[in-house]
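Work through the exercises below with the model open beside you. Try each task before reading its solution.

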Amino acid sequence: KLIPIMDIFAGPGGVGEGFSSLLNDNGKRVFKIRLSIEKDTHAHQTLKLRSFFREFNIGQVPEDYYAFVRGEISIDELYNRYPQQSAAAELEACYGTLGEPDEGDANVLTNEEVDNKIQNALGGCINWILIGGPPCQAYSLVGRSRRQEKILDEAKDKRVGLYKEYLRIIAVHQPAIF
């Protein structure tokens, strides 16, 4: 049975890809990303495409996927040809903002919405993994020097406090591993 993963602040999904690429001795995947949440539209598009890819068994990804990669068909054509896999990818890859939104943030998810998405994705499973990388720009020396700030201030940069969303999910949902 695949071990479920919830990935928040997923970016384009690099950490999740690492987990998804782990195979057991029989050449089968060990982990299944059940939910990824990301607020950047381009990163979300990548998440959805990679989720779509993983809907196929290893070695059975259709040639149409590679035709899309080569620019021979559009993403819409690809998804329309495989509606079941596309729908599953749409459920897994969630476009939304966690925490208090910055001005202009689209699709802000309430805690209740996030909790419902996690519960639905888990389907009652209690042994699962939470992964995620809250934005590090607020903490980096380069980011702080650009803003000419020496002290981290959540009032000036909401990213400073986004780790609290990760902690909230741990407290509410109690993943086996995070």
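The model is a predicted one.

**Exercise 1. Fold and surface**

Task: Give the order of the elements from the N terminus on, and state what share of the residues counts as buried.

Solution: 
- Step 1. Count the elements: the protein has 8 helices and 4 strands.
- Step 2. From the N terminus the run is β-α-β-α-α-α-α-β-α-β-α-α.
- Step 3. Turn to burial. The protein has 178 residues, and 40% of them count as buried.
- Step 4. The accessible area is about 10500 Å², with 53% of it belonging to carbon and sulfur atoms.
- Step 5. Check the contacts with a separation of 6 or more: 68% of them join residues 24 or more positions apart.

**Exercise 2. The largest nonpolar core**

Task: Which elements give two or more residues to the largest nonpolar core, and which gives the largest share?

Solution: 
- Step 1. Find the core. It holds 18 residues, and Met6, Ile8, Ile37, Ile118 and Leu130 touch the most other members.
- Step 2. Assign the elements. Strand 1 (3-8), strand 2 (31-38), helix 6 (111-122) and helix 8 (163-173) each give two or more residues.
- Step 3. Pick the main contributor: helix 6 supplies the largest share, 4 residues.
- Step 4. Look at Met6. Beyond its neighbours within four places in sequence, its contacts include Ile118, Ala121, Leu122, Trp128 and Leu130.
- Step 5. Look elsewhere. Another core, of 12 residues, lies apart from the largest one; Leu49, Val61, Leu78 and Tyr79 are among its members.

**Exercise 3. A lysine in a helix**

Task: Is Lys48 buried or exposed?

Solution: 
- Step 1. Apply the cut-off. Buried means under 20% relative accessible area. Lys48 has 14% relative accessibility, so Lys48 counts as buried.
- Step 2. List the contacts. Leaving out residues up to four places away in sequence, Lys48 touches Tyr79, Ser86, Ala89, Glu90 and Ala93.

**Exercise 4. A glycine in a loop**

Task: Where is Gly96 found, and which residues does Gly96 touch?

Solution: 
- Step 1. Locate Gly96 in the loop between strand 3 (93-95) and helix 6.
- Step 2. Judge burial. The relative accessible area of Gly96 is 3%, so Gly96 is buried.
- Step 3. Name the contacts. Not counting residues up to four places away in sequence, Gly96 touches Ile37, Glu38, Lys39, Asn107 and Leu109.
- Step 4. Compare sequence with space. Gly96 and Val108 are 12 residues apart along the chain, and 5.5 Å separates their C-alpha atoms.

Methods:
Residues are numbered from 1 along each chain as its sequence is written. This is a predicted model: local features need pLDDT of at least 70, side-chain atom pairs count only at pLDDT 80 or more; totals for chains, interfaces and linings use all residues. Side-chain values use heavy atoms; hydrogens and water are left out. A nonpolar core is a set of buried Ala, Val, Leu, Ile, Met, Phe, Trp, Tyr and Cys residues joined through side-chain atoms within 4.5 Å. Buried means under 20% relative accessible area, exposed over 50%, partly exposed in between (1.4 Å probe, protein chains only). Contact means heavy atoms within 4.5 Å. Accessible areas come from the Shrake-Rupley method with a 1.4 Å probe; for residues, only the protein chains shown count as cover.
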